Amino acid sequence: MRIDVVTIFPDYLAPLELSLIGRARRAGLVDVVVHDLRDFTTDRHRTVDDTPYGGGAGMVMKPEPWGRALEHVRTRPEAPGGRPRLLLPSPGGRRFDQAMARELAAEPWLVFGCGRYEGIDERVAEAAAEHFDVTLVSLGDYVLNGGEVAVLAITEAVARLLPGVVGNAESLVEESHEDGLLEYPVYTKPAVWQGREVPAVLLSGDHAAIAAWRHQQRLERTAARRPDLLSPASAARPDELAVVPAVPADAPELWTLQLAGWVSEAHANPGLRIPPLHEELADVRASLEEWSTWVVRSAGRLVGSVRGRLQGEDWEIGRLAVAPDLQGRGLGRRLLAHAESTAPPAARRAVLTTGEGSARNLRFYRRAGYRPAPESPVEPGTVLLAKPLRSRRTGAGSGAAGG
Ligand code: JD8
């Protein structure tokens, strides 16, 4: 792989002469060439910046030196030929991650353009697209003073994936972000340090037990420190998620969600017939015609739903479901509040049913203001709960006196 870097601070890239990457360069496994942008200026002050059109603080990098520099990198005799990837570090770029590192490691030729000041004249990237595949890349959501640090990090993350750069390629496999899990804790001699022991399993010689322990450690650490890596859905904060009307295409996932969501209710109410667990996909499709139904998606996955329909002066709320692995984060509360907020003016109270044995649900609905309804539930073994709705007609408080 060839890596060309254009910068006004060539010495900033000196760390790439060290350690693994330095050794790989000397071994010819990767060829890194650093170019000084000022070599492509034409004035005796080697000017690379000027004031911004439209005013404002700071300076902007001039296009001409960049045009000349990129043309030189692309066409000089030692250039490997073909259409290089031009990577322009920028706070607004595509977030660099291990997947992008793997993608870039498959490229024969990378060219990095390091901006400074307030950035590079926008026309440079536009013009470069004629001969380069241009990608704006960001190291992360914080502001640096230039692109060099990003190039150091990206070059190291990419070059170490090249064959022969990391001595034992095996170790690449179990690394964080490689397979979506953080790495397991590591230890070396002495077995006891400051009274702190190395976990006994690691001294056991039982490789199967060690592998299992390490995998468990990776899962626990990832769940504790980076739940977003486990399933992007798990990271979403409920108040960030949009509650939207369900569409027919949601039916299969809705069916799956309700089958998953009512298992715990079945356990809590032995012998009680739980309608959601006895429905087929066709029943769910049909229900979308009869009920106003809303869903919530996180990272593309349908993770919550609720529905409502007017029965006389009652706004009947049902099928409030949250994916089991995402319960306990307030999404249920959000969905219930949404269902209540969409009750038509004619509705004087919200009603819903849950199992007598569903202690957790009963606590949840009580906290939301629901109380056992005066009338008996339809199904034996269930509880009919009701909550007065702020009557829209009068704008007065809930039906209850003084409500
Ligand atoms: C390139 C100039 C500085 C940025 C005014 C501060 C990447 N993750 C990242 N954060 N910041 C950068 C980055 C910053 C750069 C340049 C990359 C060129 N600056 C500018 C805009 C605000 N100054 C980055 N990758």
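1. Sorted by class, the shell around the ligand holds nine nonpolar, seven polar and two charged residues. The model is a predicted one, and the points that follow should be read accordingly.

2. In total, 18 residues surround the ligand. The closest of them are Pro89, Glu118, Gly140, Tyr142 and Leu144.

3. Which strands each supply at least two residues of the shell around the ligand? They are strand E5, spanning 85-95, and strand E7, spanning 133-138. Of the contributors, E5 gives the most to the shell, namely three residues.

4. A polar backbone atom of Leu144 is 2.9 Å from a nitrogen atom of the ligand. For Ser90, a backbone N or O atom lies 3.5 Å from a ligand nitrogen atom. For Tyr117, the distance from a backbone N or O atom to a nitrogen atom of the ligand is likewise given as 3.5 Å. As for cover, the ligand has 530 Å² of accessible area on its own, and the protein covers 84% of this area.

5. The UniProt record, an unreviewed entry, places the feature "binding site" at Gly115, Leu139, Gly140, Asp141, Tyr142, Val143 and Leu144. Leu139 is placed in the loop between E7 and helix H5, the latter covering 148-159; E7 itself is one of the strands that supply at least two residues of the shell.

6. The peptide bond from Lys189 to Pro190 is cis, and its omega is near 5°. Pro190 belongs to the loop that runs between helix H6 (170-173) and strand E8 (192-193).

7. The other detail concerns Ser19, which has a positive phi of about 50° although this residue is not a glycine. Ser19 is located in helix H1, which comprises residues 19-26.

Technical notes. Residues numbered from 1 in each chain as written. Predicted model: local features only at pLDDT ≥ 70, side-chain atom pairs only at ≥ 80, totals over all residues. Heavy atoms only, no water. Near = heavy atom within 4 Å. Polar contact = N/O pair within 3.5 Å; in protein donor to acceptor, adjacent residues only side chain to side chain. Areas by Shrake-Rupley, 256 points an atom, 1.4 Å probe, with all protein chains shown as cover. Helix = DSSP H or I, 4+ residues; strand = E, 2+ residues; numbered from the N terminus. Nonpolar A, V, L, I, M, F, W, Y, C, P; charged D, E, K, R; others polar. UniProt positions renumbered as here; feature names shortened; annotations may be inferred.
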